[in-house]
Amino acid sequence: MWFILTLKKRRYKYQFGQYAWTHMILIVVFTQSSFTVANIFEGIFWFLLPASLIVINDIAAYIFGFFFGKTPLIKLSPKKTWEGFIGASVTTIISAFLLANIFGRFRWLTCPRKDLSTGWLDCDPGPLFKPDYFTVPEWFPSWFPWREISVLPVQWHAVWLGLFASIIAPFGGFFASGFKRAFKIKDFGDSIPGHGGMTDRMDCQMVMAVFAYIYHQSFVAPQNLSVEMILDQIIMNLTFEEQQLLYSKLGQIIQDKMFGES
């Protein structure tokens with residue numbers, strides 16, 4: 001309303017241009033940031049892992065490009081090379097698989113947050129964070145230290161996050177390169193000699209956060225139900241009378257199953 005009331009003749013184009021830029025900033029910054037917060041409430045794991053993968057990809061691309069880079073990848077950023085891109089992709093996917101195993105063993109990282117209290121520090125982590133054990137084949141060399149390997153189901157989901165980070169992270173870097181070229185600056189900071197600053201490591205965190213949230217809601221959340229989560233939903237969403245009705249119906253179902261098996 002205030003925008004409409006302040007419109008002036010011969011300044012419509014400028015005012016609507018500023019109006020559009022304001023909304024683009026809100027969409028790019030605040031809307032995407034809300035996905036980051038949503039990921040944290042799903043469990044710090046879903047914020048920390050994607051954020052780490054972006055940083056790992058960026059650093060690996062720099063290292064592989066520095067030592068092995070020969071073939072230019074894109075004109076917008078002459079220092080980016082195919083060798084750096086491929087090396088960083090492989091490193092990121094492997095890191096995703098390994099980091100998911102490490103992070104997934106800490107309950108305070110995997111527990112969903114319901115509020116800002118500390119009650120979420122211990123919970124039933126759900127089936128995605130309970131290890132499956134695989135016996136190492138006999139043809140493995142004898143010097144291999146493990147005869148049995150534990151893999152968390154969430155590690156397979158982490159591979160997809162790593163794949164996305166490998167494809168999108170470089171384009172976040174290209175976008176940042178174009179932005180820096182437009183303003184004739186080399187890096188956003190200089191806290192890391194020869195490698196820019198902390199902002200240069202965060203080229204594509206927001207896009208990664210959006211993908212992590214959508215992926216979690218589409219493929220992870222339906223599989224990650226636990227008794228504790230279901231009980232929380234019952235307590236929060238059902239009245240006392242509805243809970244009593246549910247209790248009696250569950251009792252009847254259990255009794256029918258017990259008599260049916262006997």
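This briefing describes the helices, nonpolar core and aromatic pairs of a predicted model. The mean pLDDT of the protein chain is 85, and 89% of its residues reach 70 or more. Among the elements of the chain, helix 4 has the highest mean pLDDT, at 95, while strand 2 has the lowest, at 81.

**Helix 3 and its surroundings**

- Helix 3, which covers residues 45-68 and has 24 residues, reaches 33 Å from its first C-alpha to its last, and this is close to the 34 Å expected at 1.5 Å a residue.
- Leaving aside residues up to four places away in sequence, Phe45 touches Pro50, Ala100, Phe103, Gly104, Leu109, Thr110, Phe129 and Val154.

**The largest nonpolar core**

- The largest nonpolar core has 25 residues, of which Phe45, Trp46, Leu49, Val154 and Leu161 touch the most other members.
- Helix 3, helix 4, helix 6 and helix 7 are the elements that give two or more residues to this core, and helix 6 gives the most, with six residues.

**Transmembrane annotation from the record**

- An unreviewed UniProt entry lists residues 20-38, 44-69, 81-103 and 154-176 under "transmembrane region".
- In the model, the listed span 44-69 is 92% helix and 0% strand, and its end C-alpha atoms lie 35 Å apart.
- The span 81-103 is 96% helix and 4% strand, with 31 Å between its end C-alpha atoms.

**Aromatic pairs and a cluster**

- The count of aromatic pairs in the model comes to 14.
- One of these is formed by Phe3 and Phe16, whose rings are edge-to-face, at 5.1 Å centre to centre and with 85 degrees between the planes.
- This pair links distant parts of the chain, since Phe3 belongs to helix 1 (residues 2-5) and Phe16 to helix 2 (residues 12-42), 13 residues apart.
- Phe16 has a relative accessible area of 42%, and because this falls between the 20% and 50% cut-offs, Phe16 counts as partly exposed.
- Phe3 also pairs with Tyr19: the ring centres are 4.3 Å apart and the planes are at 20 degrees, so this pair is stacked.
- Elsewhere, Phe164, Phe211, Tyr215 and Phe219 form one aromatic cluster.

**Leu246 in helix 9**

- Leu246 is placed in helix 9, which covers residues 240-261, and at 29% relative accessibility Leu246 counts as partly exposed.
- Not counting residues up to four places away in sequence, Leu246 touches Ile234 and Leu238.
- Ile234 is twelve residues from Leu246 along the chain, and the C-alpha atoms of these two residues are separated by 9.2 Å.

Notes: Residues numbered from 1 in each chain as written. Predicted model: local features only at pLDDT ≥ 70, side-chain atom pairs only at ≥ 80, totals over all residues. Heavy atoms only, no water. Phe/Tyr/Trp six-rings, centres within 6.5 Å; stacked < 30°, edge-to-face > 60°. Buried < 20%, exposed > 50% of the residue type's maximum accessible area, 1.4 Å probe, protein only. Expected span 1.5 Å × (residues − 1). Core = buried A, V, L, I, M, F, W, Y, C linked by side-chain atoms within 4.5 Å. Contact = heavy atoms within 4.5 Å. UniProt positions renumbered as here; feature names shortened; annotations may be inferred. pLDDT = per-residue confidence, 0-100.
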